[in-house]
Amino acid sequence: MVYIILGFNFPESRLVLKTVQHFYGIGPQVARHLLARLHIHPTARLSSLNSQTVLDITAELSSMKIENELRRELRVNITRLRDMGTYRGRRHAMGMPVRGQRTRTQTATAAKFNRVERLG
Amino acid sequence: MSLQTCWRCLARASSQSYPTRRPPQKPWTLYPASTAAFTTSASLSALPPKKKAKTPMTEKNIKGSKKTFIKKNKKSQRVDRSKKPAIGERRALRKRIVLSNTNALEVQGLKDITAQSIADQDLRGQVLGIPGLVVDQLRAVEAFKAAQGWPLFRRPAMLMRKDTLDLATEIENISLGIRDKTIRRVFVGERGSGKTVMLLQAMTIAFLKGWVVINIPEAQDLILGHTEYGPLPSTTPTLYTQRTYTASLLNAMSRANPILESFQLSQPPAQNEIPIPVPPNISLSRLALLGAQDPEIAWPIFELLYRELTLPDRPPLLLCMDGLAHAMRNTQYISHTYQPIHAHQFTLIKWFLDHLSGASPLPNAGLVLASTSESNSPVVPSLKLALSQLEGNSAVQKDPFARYDERVLGVFEKGGVEVQRMGGLSKEEARGLMEYWALSGVVRQRVDEGFVGEKWSLSGGGNDPAHLNSPGRSRVPFTEYQQTVKKAKSIVKQRIQKSRSGQQRQSEATGPPRSKRVGSDPSGERFALRF
């Protein structure tokens, strides 16, 4: 059986803890808190949940700022910095390190991520 | 002239044709040739395994001509072709309880334990077989543990030691109605002293006597955070139920206690109590199965079943729990406010501890037994303190730096909980056990008084304080033994110090030693070791 949560399909053997971490914006900490709120133990698998609990998880996730909404917020923040003409905004636009790192070598990560239209 | 080979190489096996200085040693044999092999399996008479054909260094291509080189295909080499274990296979192997060994010798004349002769004092030191039906019941309540050595013998049997017979007498008295009070007891003792086996023996006797047994085989399973849990509505402080575990417990109860089939539900439950309709004259066994099949209603069914079992004219109850320390601390479960949940907030643990503490008495009398564990036990200072004080060990006092859990201390505050320390066997019991081993083929020596005495003395001479005053035992009490060891250690220490100071004096007399200083003794004086 396949469980559909927020439009994503998950196999029933997947751990609930890992399932919720699939969504952008939910890491180990948030996932653990989320499961505690719903009284799901950390080793629970999707197959062990009843339909009401799956609905509860979906409801909890819907009320959180995750996925595209969170990505949009991130982009808006960077755009605001760039529009204000701040140093951080300019560095983002140039694809350079933002927080004072060296630029002589090892700027691959910055080049990869730092852009105005950051993906996430 | 120096040797061409080094001295170390001379020690190796030489390929020289002439004899070396040392004659070749005979190979060690485990058993003398005269003794027969123990095992009766056919592996000895089997033919030696065939030699595998060597893999050719060349392989044929399609045309049939031989190629000298094997084509290197790194990707195919990397593929792991080993068969992965199926889900749950390794766990099943780990938890598997083997109670029979067809290679073990069948013990001739092994008597079975019976309900009539259970408290017969003449049985002391004898090993009795557990009847097959009871074995099934014990298996159902998970009374057997994987590491108890059952696979060494043809069938499960148990030693009737003094503690067993005392417990059997108590169970007999309760069954006969001579005693109508619940006995609440915690078994403590060193690792391997037989605490868990005492629980098993209590369950065996209870099954034989027609009691209802409810066993929590490992308290750890309730607190590890790997079964489902949920809050119980309208409880302050919030109590939590474990529906899957409760369902499996109901299943075990139903399978292990066939006596439940003979009892029927006394009155239909209230509608708000059980969410499903329950037939009016349902047997208690079927009721338990209903709960086992549907974890959502497992806890209400358990409550109902327990209430039915405590009605008048129902059999006495035996409640057991192993690994008590786990039930005395915070669990791995987390509340909705992200705080750890204490074990006492779980309904099953609370239910058991209420009986242990005496808060909920058993109307039809019975036994509430718990056992601590020394091999798998968290550090719980409160439990340690409470048990030591109940045991009468006034030497253990409250540690001002330790944190004590009021909830744990509260369990034992009311009093009435007995603490029984399990210890070693007496010499007669050890003899009975070793004779049984010999008959089963585990011990191959002749078991006589000298052999038993030697083994018994070497193993500490049995360190059971309960047997100290029994006749025919000339042994040192354990505390006295500890003191003797302490004294011996201090004497050795003094001698070492004396010899060191003597050495120093000698070195001072002979002038500076040809050695380097390696430290100083506790008195601040320098000492040196000669090399």
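At 25% relative accessibility, A:R75 counts as partly exposed. Keep in mind that this is a predicted model. The partner of A:R75 is A:E117, and the two form a salt bridge whose closest N and O atoms are 3.8 Å apart. A:R75 sits in helix α4 of chain A while A:E117 belongs to the segment after α6 (108-113), so this pair ties together parts that are 42 residues apart in sequence. Is A:E117 buried or exposed? With a relative accessible area of 53%, A:E117 is exposed.

## Chain A as a whole

Let's zoom out for a moment. Chain A is built from six helices and two strands, and reading along the sequence gives the pattern β-β-α-α-α-α-α-α. Of its 120 residues, 34% count as buried. The accessible surface of chain A is about 7500 Å², with 52% of that belonging to carbon and sulfur atoms.

How much of the contact in chain A, counting separations of 6 or more, comes from residues 24 or more positions apart? Those pairs account for 51% of such contacts.

A:E67 has a relative accessibility of 18%, and because buried means under 20%, A:E67 counts as buried. Leaving out residues up to four places away in sequence, A:E67 touches A:F8, A:H22, A:F23 and A:Y24. With A:Y24 there is a polar detail to look for: the backbone nitrogen of A:Y24 lies 2.8 Å from a polar atom of the A:E67 side chain.

## Where the two chains meet

Now for the interface. Chain A puts 11 residues into the contact and chain B puts in 15 residues. Between them, the two chains bury about 1000 Å², and 57% of this is on carbon and sulfur atoms. Which residues of chain A lose the most area to chain B? They are A:A36, A:H39 and A:H41, which together make up 54% of what that side buries.

The side of chain A that touches chain B has three nonpolar, six polar and two charged residues. How many salt bridges cross the interface of chain A and chain B? The rule finds zero. As for polar contacts, one residue pair turns up across this interface, with both residues at pLDDT 80 or more.

## Salt bridges in chain B

Over all chains, a search of the whole structure finds 23 salt bridges. One to look for joins B:R243 and B:E296, with the closest N and O atoms 3.5 Å apart. B:R243 lies in helix α8 (residues 243-256) and B:E296 in the loop between α9 (284-293) and α10 (298-309), so the pair ties together parts that are 53 residues apart in sequence. B:E296 is partly exposed, at a relative accessible area of 47%.

B:K350 and B:D354 also meet in a salt bridge, 3.2 Å from N to O. Both residues lie in helix α11 (residues 347-357) of chain B, four residues apart, about one turn of the helix. B:K350 is partly exposed at 31% relative accessible area, and B:D354 is partly exposed at 21%. There's a network too: salt bridges link B:K145, B:E218 and B:D322.

## Helix α15 of chain B

One more stop: helix α15 of chain B, residues 449-458, has the buried residues B:F451, B:V452, B:G453 and B:W456. These buried residues pack against α14 (427-440) of chain B. Just after α15(B), B:G460 takes a positive phi of about 95°.

Terms used. Residues are numbered from 1 along each chain as its sequence is written. Chains are lettered from A and ligands numbered from 1 in the order in which they are written. This is a predicted model: local features need pLDDT of at least 70, side-chain atom pairs count only at pLDDT 80 or more; totals for chains, interfaces and linings use all residues. Side-chain values use heavy atoms; hydrogens and water are left out. Contact means heavy atoms within 4.5 Å. Buried area is the accessible area (1.4 Å probe) that two parts lose on being put together, summed over both. A salt bridge is a side-chain nitrogen of Lys or Arg within 4 Å of a carboxyl oxygen of Asp or Glu. A polar contact is a pair of N or O atoms within 3.5 Å; within protein, one must be able to donate a hydrogen and the other to accept it, and residues adjacent in sequence count only if both atoms are side-chain atoms. Ala, Val, Leu, Ile, Met, Phe, Trp, Tyr, Cys and Pro count as nonpolar, Asp, Glu, Lys and Arg as charged, and the others, Gly among them, as polar. Buried means under 20% relative accessible area, exposed over 50%, partly exposed in between (1.4 Å probe, protein chains only). Accessible areas come from the Shrake-Rupley method with a 1.4 Å probe; for residues, only the protein chains shown count as cover.
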